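Please find below a short note on the model under review. The points proceed from the chain as a whole to one pair of packed elements.

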Amino acid sequence: MAAIQDHEYLKVCALLARHLSISLSSARRRVDLVAAKEGARDIQSRKNIAMRLLEEARLAMANEDSSSKQLDNLLEALAEDENFMVED
């Protein structure tokens with residue numbers, strides 16, 4: 001399948017990729033999957049889907065539900081684990 005070369009679409013996909021911390025091709029693939037599920041074929045509907053996904057990513061980041069925030073919380077050392085040594 002040929003890549004879509006619409007600059008506005010690529011810009012929204014790039015913003016989506018930045019907010020999700022994924023590559024541009026992964027963001028475009030994510031938009032393509034949602035578009036396929038919804039039966040969207042034209043470029044305007046794909047732009048709308050990309051904008052919707054971008055807004056969802058921004059809301060998730062604002063609500064601290066993002067995967068990077070969850071990873072940061074998981075990597076914090078607990079008080080009882082602070083002196084744990086991995087190596088001998």
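1. A contact here means heavy atoms within 4.5 Å. On that basis, of the contacts in the chain with a separation of 6 or more, 43% are accounted for by residues 24 or more positions apart. The model is a predicted one.

2. As to secondary structure, the chain has four helices and zero strands. Read from the N terminus, the order of elements is α-α-α-α.

3. The chain comprises 88 residues, and 25% of them are buried.

4. Helix H1, residues 7-20, packs against helix H3, residues 43-62, at an angle of about 25°. The axes of H1 and H3 lie 9 Å apart. Angles under 35 degrees count as roughly parallel, and H1 and H3 are therefore roughly parallel to each other. The crossing in which H1 passes H3 is left-handed.

5. Which residues make the contact between H1 and H3? From H1 come Glu8, Tyr9, Val12, Cys13, Leu15, Leu16, His19 and Leu20. H3 contributes Ile43, Arg46, Lys47, Ala50, Met51, Leu53, Leu54, Ala57, Arg58 and Met61.

6. Sorted by class, the contact of H1 with H3 contains 13 nonpolar residues, one polar residue and four charged residues. Among the residues of this contact are Glu8 of H1 and Arg46, Lys47 and Arg58 of H3, which count as charged by residue type. His19 of H1 also takes part in the contact and falls in the polar class.

Terms used: Residues numbered from 1 in each chain as written. Predicted model: local features only at pLDDT ≥ 70, side-chain atom pairs only at ≥ 80, totals over all residues. Heavy atoms only, no water. Helix = DSSP H or I, 4+ residues; strand = E, 2+ residues; numbered from the N terminus. Buried < 20%, exposed > 50% of the residue type's maximum accessible area, 1.4 Å probe, protein only. Axes fitted to C-alpha atoms, helices over the stretch in contact; angles between N-to-C directions. Parallel < 35°, antiparallel > 145°, perpendicular 65-115°, else oblique. Left-handed = near helix turned anticlockwise from the far one by under 90°.
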